[in-house]
Amino acid sequence: MNDKQAILTEIVRLTSTIETNYPELYCFLDEIPMTIPSSPNPDLSLATLKEYLDELKELSKHHLLTH
């Protein structure tokens, strides 16, 4: 499995965890600046995916620390 695929897998896992265990956070996922590109063949860089994953982790961590 390559790095990009591993990060995408982690994003899906974490997003599912948030949706299932912390539904109150799920609405905030729309506010994270990562968006689906409008081009037919988007090129999501490894750095972009890592940044998005880090933002998801930070959102989860912050929520757990404050609740």
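Which pattern does the protein follow, read along the sequence? The pattern is α-α-α.

**Figure 1. Overview of the predicted model.** This is a predicted model, in which local features need pLDDT of at least 70 and side-chain atom pairs count only at pLDDT 80 or more, while totals for chains, interfaces and linings use all residues. Residues are numbered from 1 along each chain as its sequence is written, and side-chain values use heavy atoms, with hydrogens and water left out. The protein has three helices and zero strands. Helices (H or I, at least four residues) and strands (E, at least two) are DSSP runs, numbered from the N terminus. Of the 67 residues, 22% count as buried. Buried means under 20% relative accessible area, exposed over 50%, and partly exposed in between (1.4 Å probe, protein chains only). The accessible surface comes to about 5,000 Å². Carbon and sulfur atoms hold 56% of that surface. Areas come from the Shrake-Rupley method with a 1.4 Å probe; for residues, only the protein chains shown count as cover.

**Figure 2. Confidence by element.** Mean pLDDT for the protein is 81. pLDDT is the predictor's confidence in each residue, from 0 to 100. A value of 70 or more is reached by 78% of the residues. Where pLDDT is low, the predicted coordinates should not be read in detail.

Figure 3. The 19 residues of α1 should span 27 Å at 1.5 Å a residue; the end C-alpha atoms are 26 Å apart, which agrees. The expected span is 1.5 Å times one less than the number of residues in the helix. Buried in α1 are Ile-7, Ile-11, Leu-14, Thr-15 and Ile-18. Seen down the axis of α1, the buried residues fall within an arc of 100°, so they line one face of the helix. That arc is taken from the directions from the helix axis to the C-beta atoms. Cover for these buried residues includes α2 and α3. Exposed Val-12 and Thr-20 sit on the face of α1 turned away from its buried side.

**Figure 4. The largest nonpolar core.** Eleven residues form this core: Ile-7, Ile-11, Leu-14, Ile-18, Leu-25, Leu-29, Leu-49, Tyr-52, Leu-53, Leu-56 and Leu-59. A nonpolar core is a set of buried Ala, Val, Leu, Ile, Met, Phe, Trp, Tyr and Cys residues joined through side-chain atoms within 4.5 Å. Two or more residues each come from α1 (3-21) and α3 (46-66). Helix α3 gives the largest share, five residues. Beyond its neighbours within four places in sequence, Ile-11 contacts Leu-49, Tyr-52, Leu-53 and Leu-56. Contact means heavy atoms within 4.5 Å. Across the protein, residues 24 or more positions apart account for 70% of the contacts with a separation of 6 or more.

**Figure 5. His-63 in helix α3.** His-63 lies in α3. At 8% relative accessibility, His-63 counts as buried. Leaving aside neighbours within four places in sequence, His-63 contacts Tyr-22, Glu-24 and Leu-25.

Figure 6. Asp-3 lies in helix α1 and counts as exposed, at 53% relative accessibility. Leu-44 lies in the loop between α2 and α3. At 28% relative accessibility, Leu-44 counts as partly exposed. Leu-44 and Lys-4 are 40 residues apart along the chain, yet their C-alpha atoms are separated by 9.0 Å.
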